[in-house]
Amino acid sequence: MKLLLCFIISMAISLTIHEIGHAFFSIVTRAKITGINIGVGPRIWRNDYFSIKLFPVAGNVECELNVSNKTGIIKMFLIAIGGCVFNGIMFIIGIEYMEGLYSLIFAFINVVMCISSLIPISLLS
């Protein structure tokens, strides 16, 4: 039971960090963030820009960005890779600075999220 709870909490934390990575690079590239959603299913909490839903298995950052030129495409790439970068950092923290089985679960979830976010969506459909 403890492992399941640890997995669910680690998944929620990792997903939140992943979406914060996208939001961070949206801010750095000066894209306008219109919303951050964590989880799927029934909504638990919401304010103007942030929404938390019941099941922490997916999320997204909604932003407005002009991609009509080469600079816009580079900015879009940076925003897209931001979640992977933040999960990679969390993987290193989980392996290097945390101890025990729970840290391995946390690190594993972050490395899986990092690798899976590099797969283009068009390949999954």
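This passage describes how helix H3 packs against helices H1 and H2 in a predicted model.

Helix H1 spans residues 2–28, and helix H3 spans residues 101–116. Their axes come within 9 Å of each other. They cross at roughly 40°. H1 and H3 are therefore oblique to each other. The crossing of H1 past H3 is right-handed. On the H1 side, the contact is formed by Lys 2, Leu 3, Cys 6, Phe 7, Ser 10, Met 11, Ile 13, Ser 14, Leu 15, Ile 17 and His 18. On the H3 side, Leu 101, Tyr 102, Ile 105, Phe 106, Ile 109, Asn 110 and Met 113 take part. Of the residues in this contact, 13 are nonpolar, 4 are polar and 1 is charged.

Helix H2 covers residues 70–96 and also packs on H3. Here the axes lie 8 Å apart, and the angle is about 155°. Angles over 145 degrees count as roughly antiparallel, so H2 is roughly antiparallel to H3. H2 and H3 cross in a left-handed sense. H2 contributes Cys 84, Asn 87, Gly 88, Met 90, Phe 91, Gly 94 and Ile 95 to the contact. H3 contributes Ser 103, Leu 104, Phe 106, Ala 107, Asn 110, Val 111, Met 113 and Cys 114. This contact holds 10 nonpolar residues, 5 polar residues and no charged ones.

Technical notes. Residues numbered from 1 in each chain as written. Predicted model: local features only at pLDDT ≥ 70, side-chain atom pairs only at ≥ 80, totals over all residues. Heavy atoms only, no water. Axes fitted to C-alpha atoms, helices over the stretch in contact; angles between N-to-C directions. Helix = DSSP H or I, 4+ residues; strand = E, 2+ residues; numbered from the N terminus. Parallel < 35°, antiparallel > 145°, perpendicular 65-115°, else oblique. Left-handed = near helix turned anticlockwise from the far one by under 90°. Contact = heavy atoms within 4.5 Å. Nonpolar A, V, L, I, M, F, W, Y, C, P; charged D, E, K, R; others polar.
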